[in-house]
Amino acid sequence: MRDSEKKAFGGVSANRLMPPVLVVLAVLHAAIIALIVMINGSSSSLSAIMQNAGMYNQEATALLARSSLLNETASNFVLLPTDEAGEVNVGPLMAFARELSNAERRGDAILAKFRTYDISPDTLALIQSAADSANFMLENQLHAISLMREVYPLPEVEPLTAIPRVELTDEEMALPDEAKVGEARLLVLGTEYAQNKANVSASVNGAIDRLQSGSANMAAQTGRRVGRYRALLWMVTLTIIVILTAVFVALYRHILSPLGRFTKLIPEDKPLDEDRGFKEVRMVASAYNGVLKRRNALDDILRSAAEIDALTNLPNRYRFEQYLLESEDRDGSLAVLLFDINYLKLTNDTLGHLAGDKLIRDAADCISSCFGSDGEGNCFRFGGDEFAAVVRDCTPDSIRGMVRRFEEEEKQRNVSISLGYAYADEISDTTFRKLLDEADRQMYAYKKLAHSQG
């Protein structure tokens, strides 16, 4: 180094300047990493708080929804035991029995879950009160239905046979039919029943308010902590920028040439040479290459997000159309299957959209487990309740076997899905439009039949 250059540094050589600068930079980089770790930890805590709040609210809402559905269906049967044709009105009781069979939505089951959650004693007491009232209502409902059965015998069909019978007293058995009906209505319409019904709603809503308030307070505290960490992160980052700027000004002659090469490579999205130049230059090159790799990885993630349905994790309509285009040039047999979920609107209207989302996910699992090929991505969701599957290199017998297994899987998962499919021995002998139209026609015929029988 020339004397004039040494003088510009105030007599301090570059070799003597670099070690303390590197030490300071190392400390500051460690601070950044520590702050990032703390920010990520706080962000994870915030995410867990919000997730738990959603789960708690969902469980509490399920308790209220179950109580409301059982109350509505039981009351409808007691008030209207027969239809216009004089037949026993079993429709409400079918819904009552199906809901009664759902063990996860029982008051005691939900209460047991809440006892494992990190919630306040006051909130747990409200859930306990709601569960007790729901249990009281259920006992009255079953008692009322048992009385009505003596007047209006129910057919011995599933799921009606699963409704528990309450043993009636001799006095109740001796009552005239009209008195039995009156007694049943008193059980589900009386003052004490109404008070318990109101208590379920008030207690659940009170618990939800407490849960939301507590979650909001915890989230606010965590958010403020993240804000402080980010302010410190900005301060450390700015300090590093100032130090680097000073170093670059002092050593610009030794960095300008590598940076000149960088300016040619960066616009072309090419990786930088990390083996040439001073250490600071190599660090910049390494950081840029890391950003370039992350950007390329992000491009892959975004491309995947554009082709995947977020709710079911199945390929979406766009990917379905691409899949068909890719299949046009392939030989061999092929079957196109179309599906449509039955009673999705009824589920949304009666049980809520969370239950509707679960029905969609269960349907997706049912379809992919029966018709999906490992690594093939041949099952798709291309509408709200519409799905498709494409099976290659198959035979009519193998497709029929898959359909039979699918029908068994429907029963096990307690879902109802209309299905239609079209088969071609050779793809080149037909068009995908014809196969889709035939599958669509069969599917809607199946759906019409299912709704007429349901």
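Reply: What follows takes a few strands, helices and residues in turn. The model is predicted.

Me: How many of the eight residues of E1 are buried?

Reply: Burial is read from relative accessible area, and under 20% counts as buried. Eight of the eight residues of E1 are buried, so this strand is largely enclosed by the rest of the structure.

Me: Which residues of E1 lie on one side and which on the other?

Reply: In a regular strand, side chains alternate between the two faces of the sheet. In E1, Leu334, Val336, Leu338 and Asp340 are on one side. Ala335, Leu337, Phe339 and Ile341 are on the other. Both faces are covered, as the residues on each side are buried.

Me: In what sense do E1 and E4 run, and how many bridges join them?

Reply: Strand pairing is read from bridges. E1 and E4 run antiparallel and are joined by eight bridges. One example is Leu337, whose bridge partner in E4 is Tyr421. E4 is itself mostly covered, with six of its eight residues buried.

Me: Over how many bridges do E1 and E3 pair?

Reply: E1 and E3 pair over seven bridges, again in the antiparallel sense. Here Leu334 has Arg392 in E3 as its bridge partner.

Me: Is Phe339 buried or exposed?

Reply: Phe339, which lies in strand E1 (residues 334–341), has a relative accessible area of 0%, so it is buried. To see what surrounds a residue, look at its contacts beyond the sequence neighbours. Leaving out residues up to four places away in sequence, Phe339 touches Ile367, Phe371, Asp385, Glu386, Phe387, Ala388, Ala389, Phe406, Ile417, Ser418, Leu419 and Met443.

Me: How many aromatic pairs does the structure hold?

Reply: Aromatic pairs are read from the ring centres and the angle between planes. The structure holds seven aromatic pairs. Phe339 and Phe371 form a tilted one, with 5.4 Å centre to centre and 50 degrees between the planes. This pair links distant parts of the chain, as Phe339 is in strand E1 and Phe371 in helix H13, 32 residues apart. Phe371 has 1% relative accessibility and therefore counts as buried. Elsewhere, Phe320, Tyr323, Phe380 and Phe382 form one aromatic cluster.

Me: Which residues of H13 are buried, and what covers them?

Reply: H13 (residues 353–371) has 19 residues and reaches 27 Å from its first C-alpha to its last, close to the 27 Å expected at 1.5 Å a residue. Its buried residues are Gly356, Leu359, Ile360, Asp362, Ala363, Ala364, Cys366, Ile367, Cys370 and Phe371. Their cover includes strands E1, E2 (379–381), E3 (386–392) and E4 (417–424), together with helices H12 (344–351) and H14 (396–413).

Me: What does Phe387 touch?

Reply: Phe387 is found in strand E3. With 0% relative accessibility, Phe387 counts as buried. Not counting residues up to four places away in sequence, its contacts include Leu337, Leu338, Phe339 and Ile341, as well as Ile360, Ala364 and Ile367. Phe387 and Ile341 are 46 residues apart in sequence and 8.4 Å apart in space, C-alpha to C-alpha.

Me: Where do the buried residues of H7 fall, seen down its axis?

Reply: For a helix, list the buried residues and then look down the axis. In H7 these are Lys180, Val181, Ala184, Leu187 and Val188. They fall within an arc of 120 degrees, so they line one face of the helix. Glu178 and Leu186, on the other side of H7, are exposed.

Me: Where is Asp309, and which side chain does it join by a polar contact?

Reply: A loop residue can be read in the same way as the others. Asp309 is in the loop between helix H10 (279–307) and helix H11 (317–327). Its relative accessible area is 15%; the cut-off is under 20%, so Asp309 is buried. A polar contact of 2.6 Å joins its side chain to that of Thr312. Not counting residues up to four places away in sequence, Asp309 also touches Leu314, Pro315, Asn316 and Arg381.

Key. Residues are numbered from 1 along each chain as its sequence is written. This is a predicted model: local features need pLDDT of at least 70, side-chain atom pairs count only at pLDDT 80 or more; totals for chains, interfaces and linings use all residues. Side-chain values use heavy atoms; hydrogens and water are left out. Helices (H or I, at least four residues) and strands (E, at least two) are DSSP runs, numbered from the N terminus. Buried means under 20% relative accessible area, exposed over 50%, partly exposed in between (1.4 Å probe, protein chains only). Contact means heavy atoms within 4.5 Å. The expected span of a helix is 1.5 Å times one less than its number of residues. A polar contact is a pair of N or O atoms within 3.5 Å; within protein, one must be able to donate a hydrogen and the other to accept it, and residues adjacent in sequence count only if both atoms are side-chain atoms. The arc is that of the directions from the helix axis to the C-beta atoms. Rings of Phe, Tyr and Trp (its six-membered ring) pair if their centres lie within 6.5 Å; planes under 30 degrees apart count as stacked, over 60 as edge-to-face and the rest as tilted. Two strands pair if DSSP finds at least two bridges between them.
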